[in-house]
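Here is a short briefing on one structure.

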Amino acid sequence: MIIEQTTLLRGKKILFGVSGSIAAFKAAGWVSSLTKEEAQVTVVMTAAATRFVTPLTFAALSGNEVQSDIFAGGMAHIALPAAVDAVLIAPATAQTVARLAYGFADDLLSAAVLACSSPVLICPAMNSKMLTHPATQRNLATLREFGYTIVEPESGRLACGEEGAGRLAAWDTVRETLLGLLATQDMAEQQVLITAGPTREPLDPARFLSNRSSGKMGYALARTAKRRGAAVTLISGPVALEPPPGVAVIHVETALEMAEAVSRSAAAASIVVKAAAVADFRAAAFSAHKIKKTVTEPLLELAANPDILASLGRNRRPDQLLIGFAAESDSHEAEGRRKLLAKKADLIVVNDILGKNTGFEADTNQVTLITLETAETLELLSKEETADRIWDKAITLLHSKRMKHGTEQV
Ligand code: PMT
């Protein structure tokens with residue numbers, strides 16, 4: 001499930017290869033999604049692919065002429081790949097995988113890939129026995145040696161009626177992988193720890209204290225860091241979001257569980273970002289049975305939870321970058337700066353929780369980035385673009401911190 005569209009694919013030129021599998025109908029939906037995100041998609045079909053879905057379908061969905069004949073003129077097998085940002089082949093049949101592995105060039109798709117110097121992303125789809133056959137496995141290994149990225153097929157019910165590996169991967173996984181191929185890998189050296197979502201503080205078996213955090217901001221930070229090459233660990237409170245592909249997720253419920261998970265993971269991280277909305281209080285005593293209605297309102301005695309960010313600020317490595325968030329309803333900059341100093345963070349990301357399009361649950365956010373020396377308010381952006389801007393700032397801060405401490409270059 002994709003939380004919100006980003007502009008990361010806007011203007012990107014994608015050569016979309018389709019080969020002859022029943023999964024070609026799914027590729028039509030993918031071309032439509034890419035076009036909606038304003039990518040410029042040119043579809044190249046193998047002859048077999050046109051037996052499953054017509055070129056007219058892909059022409060209508062991409063808004064561009066579909067190519068499939070290497071002899072159609074214009075040296076298309078050279079011209080097409082020369083101008084693209086990436087090649088995406090989905091579905092890739094066993095036959096197409098073999099042809100690419102052996103460097104065949106007698107149809108437009110294989111010739112274009114051979115002439116291409118942009119990243120190549122291949123999504124195999126076939127019967128399980130064909131997929132696991134040593135010939136196919138050897139061909140896929142060859143393609144990996146070429147530096148092509150293979151998005152592994154999923155397991156499940158196949159078109160032939162069998163169950164097993166061979167189903168075309170999910171679009172969200174493929175899209176994430178494509179964005180990773182297109183993103184600048186400026187976080188490849190980073191071990192990133194992110195907290196996201198709310199915590200739940202149980203009162204009795206039926207009730208808990210919590211807040212409106214959906215996890216979208218923290219999950220956007222995890223997704224974008226992964227795309228930029230970071231190794232990402234995400235400590236998540238209870239949310240309704242799919243974990244971003246390729247991210248290690250630790251699920252927690254209470255503030256105490258989150259504190260314990262953070263203390264286990266923080267030492268290894270070069271960057272820690274605390275985007276979670278951690279409850280400051282929990283019930284002083286958990287009622288083992290549901291609290292019954294009585295004639296008088298029950299009193300709720302609370303106990304303080306640990307301040308995880310403040311604890312990180314006291315115990316971190318000097319070269320580690322510590323980023324906190326501040327959920328404010330007024331005095332945004334003053335409160336953000338107070339928290340920056342009080343918690344010894346390097347950067348505080350302040351967001352307004354009263355705004356309709358900012359803070360809790362929104363797909364967008366407008367934040368102010370506060371450091372010791374600066375305060376920079378960004379425009380209203382998607383949470384993914386906000387996350388990318390936070391990483392831009394983090395990389396700059398990490399670099400200057402490491403220059404100051406004389407440790408290795410970022
Ligand atoms: O999840 P979404 O729906 O996308 O909403 C995003 C968000 C509004 C939750 C997010 O952008 C945000 O502001 N997260 C921080 C919320 C919060 O707890 O802010 P705070 O000002 O109360 O806490 C300040 C900092 O201390 C935060 O980094 C928080 O993670 C941390 N903290 C707070 C309390 C506590 N006991 N331990 C902590 O570590």
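E38 is found in the loop between α1 (24-36) and β2 (40-45); helices (H or I, at least four residues) and strands (E, at least two) are DSSP runs, numbered from the N terminus. The model is predicted: local features need pLDDT of at least 70, side-chain atom pairs count only at pLDDT 80 or more, and totals for chains, interfaces and linings use all residues. Residues are numbered from 1 along each chain as its sequence is written, and side-chain values use heavy atoms, with hydrogens and water left out.

**Backbone geometry**

- E38 has a positive phi, near 65°, and is not a glycine.
- At 43% relative accessibility, E38 counts as partly exposed. Buried means under 20% relative accessible area, exposed over 50%, and partly exposed in between (1.4 Å probe, protein chains only).
- S331, also not a glycine, has a positive phi of about 45°. S331 lies in the loop between β16 and α12 (332-342).
- S331 is partly exposed, because its relative accessible area is 45%.
- The peptide bond from A90 to P91 is cis, with omega near -10°. P91 belongs to strand β3 (residues 86-92).

**Ligand site**

- The shell around the ligand has 28 residues, and S214, K339, N351, E361 and K383 come nearest. A residue is near a molecule or strand if one of its heavy atoms lies within 4 Å of it.
- β16 gives the most to this shell, with five residues. α9 (216-227), α11 (308-315) and β16 (321-328) each supply at least two.
- A backbone N or O atom of E361 lies 2.6 Å from a ligand oxygen atom.
- For G215, a backbone N or O atom is 2.8 Å from an oxygen atom of the ligand.
- For K216, the corresponding distance from a backbone N or O atom to a ligand oxygen atom is 3.3 Å.
- The ligand exposes 760 Å² taken alone, and the protein buries 95% of that. Accessible areas come from the Shrake-Rupley method with a 1.4 Å probe; for residues, only the protein chains shown count as cover.

**Cysteines**

- A search of the whole structure finds zero disulfides. A disulfide is a pair of cysteine sulfur atoms within 2.5 Å.
- C116 is in no disulfide; its nearest cysteine sulfur, that of C123, is 15 Å away.
- C116 counts as buried, at 15% relative accessibility.
- C123 is buried, with a relative accessible area of 0%.

How values were computed:
Polar contact = N/O pair within 3.5 Å; in protein donor to acceptor, adjacent residues only side chain to side chain.
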